[in-house]
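Let's take a walk through this one together. Have the viewer open, and follow along as we go from one spot to the next.

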Amino acid sequence: MTNVADMSRPPETIFQQNLGNFMRNRLAVASSAVVILFILLAIFAPLIAPHDPNATDLFRRLQPPAWVEGGEWSYLLGCDQLGRDILSRIIYGARISIFIGAAVILVATTIGIIAGLSAGYLRGWVDVVISRIVDILLGFPYLIFAIGLMAMMGPGLINIILALAYKEWVIPCRVVRGETLATRELEYIEAARALGASRRHIMVKEILPNILSPVIVVSTIRMAHVIILEASLSFLGLGVQPPTASWGSMVSDGRAFILESWWVSTFPGLAILLLVLAINVAGQGLRDAFDPRFHE
Amino acid sequence: MGLGKFLERVLQLVPVLLGVSVIVFIMIALTPGDPVQIMIGDQAITPEQEAALRRDLGLDRPMYERFFLFVGNAVQGDFGQSFYHRRPVSEVIAERLPATIELSLVALLIALFTSIPLGVLAAIRKNSIFDRIATVISLLGVSLPGFWFGILLLMLFAVHLNILPVAGRIGYSSEIEPITHFLLIDTLLRGRPDAFLDALSHIILPAVTLGLPMTAILMRVTRSSMLEVLQQDYVTFAEAKGLSRRRVLFRHALKNALIPTVSVAAIETGSLLGGNMIVETVFGWPGLGRLVVESIFLRNYPLVQAAVLLYAVTYVLLNFFADILYTVLNPKVKL
């Protein structure tokens, strides 16, 4: 039974309840902290990085990390084949990974929401056309599609974002379409229609706010995937071009020296693993807390 | 599933395959750089010869005609000439394809043989050490970048422990006359167990690297579907009947729990194709994936075009196969 003291407090909204659920998941909260740390590193890279990431010093060529013989503490993680400080390059590389990951997800989610809402609410030929495009794009293995586009457009930051977003929008689109199909038949939408609300009003003001949480959850988890894809393109030499530091190309650079200088490839790879793992765990925590289908 | 439904599904494939071909065609047609100039390279030829070459390649025709020519030729297995190899693209691809298929199949086997037992164990001993291991593997599997994991394995097994080779498909001393072009089979057919072991030692690291993401996904699917099946009435009934736990698990539960695993495995086999490019590059594996990456840098576009189309068509067909398989295995689902 509810007592008087409880009644005096305003009731928790669903969002607050979900946020409470999320905050109780310690692993997910810790992972979110790691993600935030990476974002801060990326934003404040010029202030945090101990050295210029592109400054070469051939006297420090393949210098080992500080705790290995021959290393020094001012170059904590050692240097690469051109004598560049690996830690500084990892800090600057976070900018590329996070910027590309966020930009691709932002572009893809925006397109996916517009296409998914239109297909799910308007139905008819709009749905047929959008669903066929989705089917065709799903016909390509992701990396191969991106590699083909990069071959066509040439390397560059904007081109990577486009090459990845061209297919990525399909995923939020499918989620939004499915949710819209289920929501459009609900009574409150019927009521809005009966009151003469425009289609745009119903899609944007009535349906969208109610289907946003699964979209946000999916987008978070997909960001981890996009970061790995960007690193893979850079590893193959199709991503951001040198001398700009990117984690994928740093791993690739170190490949030639794995016999004697393990640190060149190891640390940038570890950075990718840490960020992607943190996003995945935080994303799963969000899904468990915010998606009612995963509630116990 | 009736024949009518099946044919309907086959017909639905046509627009997808056509759309995929249009995209691949446009992708390469819009690529900057004149194919004729790339083909000529630094050779001195007359403008007439250049015009003749352009005509031979069909580049003087309008775009839509070139598209139908491309699709028409592709259906007959003719993808034009590889600029770099100066041989038909189909011939070059056919040479490299067995290495890629062999690697993918071994990766698939590794994924199936590790994910199913671990997934089942994780489900029947929920919250045990097996369940924890399964959770860690499934998280790592989707978070580890394949190219880095491959390099770590190389550093450990090929450099530090020095027990596995660094790159390639087989050592020089073990090379044999090919029969099927699948080295693991050919070495046995030729009666060379030493060469078989050599080929096996070359394929292990790339196959494990390629198979890890699939292992993670299949393990998660097996675990959750096994957990679901174990709660079904028929399992409780079989146990109440007095059947041994082992018999209930393996004769009744597992059979049904594996239906989603098999379908997801068929879909994920398509994803192995995408991972091939990375893994083949890391391990110097002489397959199609590495050939495509090399061809992009050489601007050998007819080959890139053919390979992307081949990958996409295989992927579409595997998804179709997975759909059909799911329906056949699970009569409750109707197409």
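Where is the place of B:Asn162 in chain B? B:Asn162 sits in the loop between H7 and helix H8 (183-189) of that chain. Its phi is positive, about 55°, although B:Asn162 is not a glycine. As for its surroundings, B:Asn162 counts as exposed because it has 9 C-beta neighbours inside 10 Å, and the cut-off for exposed is 12 or fewer.

Before going further, keep in mind that this is a predicted model. The predictor gives the complex an ipTM of 0.86 and a pTM of 0.87. For chain B, the mean pLDDT is 85, with 97% of the residues at 70 or more.

Look for B:Arg86 in the loop between strand S1 (81-82) and strand S2 (87-88) of chain B. B:Arg86 is exposed, because 9 other C-beta atoms lie within 10 Å and exposed means 12 or fewer. There is also a glycine to check: B:Gly242 follows H10(B) and has a positive phi near 100°.

Now zoom out to chain B as a whole. Its secondary structure comes to 13 helices and two strands, and its C-alpha trace spans about 90 × 55 × 40 Å along the principal axes. Of its 335 residues, 40% are buried. If you take the contacts in chain B with a separation of 6 or more, 72% of them are between residues 24 or more positions apart.

Buried residues account for 46% of the 296 residues in chain A. Among its contacts between residues at least 6 apart in sequence, 70% join residues at least 24 apart.

How do the two chains meet? On the B side, 36 residues are in contact with 33 residues of chain A. The elements of chain B that give two or more residues to that side are helix H1 (3-29), helix H6 (129-143), helix H7 (146-160), helix H11 (245-283), helix H12 (288-297) and helix H13 (301-329). Sorted by class, the side of chain B that touches chain A has 29 nonpolar, seven polar and no charged residues.

Seven of its eight residues are buried, so H12(A) is largely enclosed by the rest of the structure. Those buried residues are A:Trp247, A:Gly248, A:Ser249, A:Met250, A:Val251, A:Ser252 and A:Gly254. What do they pack against? Their partners are helix H5 (86-122), H11 and helix H13 (263-290) of chain A, together with H7 of chain B. While you're in this area, step back to the loop between helix H11 (199-235) and helix H12 (247-254) of chain A, where A:Pro243 lies. The peptide bond joining A:Pro242 and A:Pro243 is cis, with omega about 10°.

Which residues touch the most other members of the largest nonpolar core? Of its 169 residues, they are A:Ala146 and B:Ala307. Not counting residues up to four places away in sequence, A:Ala146 touches A:Ala163, A:Leu164, A:Leu229 and A:Leu233.

One last stop is B:Asp131, in helix H6 of chain B. B:Asp131 is partly exposed, because 18 other C-beta atoms lie within 10 Å, and a residue needs 20 or more to count as buried. Leaving aside neighbours within four places in sequence, B:Asp131 is in contact with B:Ala122, B:Arg125 and B:Lys126. B:Ile116 is 15 residues away from B:Asp131 in sequence and 13 Å away in space, C-alpha to C-alpha.

Note on methods. Residues are numbered from 1 along each chain as its sequence is written. Chains are lettered from A and ligands numbered from 1 in the order in which they are written. This is a predicted model: local features need pLDDT of at least 70, side-chain atom pairs count only at pLDDT 80 or more; totals for chains, interfaces and linings use all residues. Two residues are in contact if their C-beta atoms, placed from the backbone, lie within 7 Å. Helices (H or I, at least four residues) and strands (E, at least two) are DSSP runs, numbered from the N terminus. Ala, Val, Leu, Ile, Met, Phe, Trp, Tyr, Cys and Pro count as nonpolar, Asp, Glu, Lys and Arg as charged, and the others, Gly among them, as polar. pLDDT is the predictor's confidence in each residue, from 0 to 100. A nonpolar core is a set of buried Ala, Val, Leu, Ile, Met, Phe, Trp, Tyr and Cys residues joined through C-beta atoms within 7 Å.
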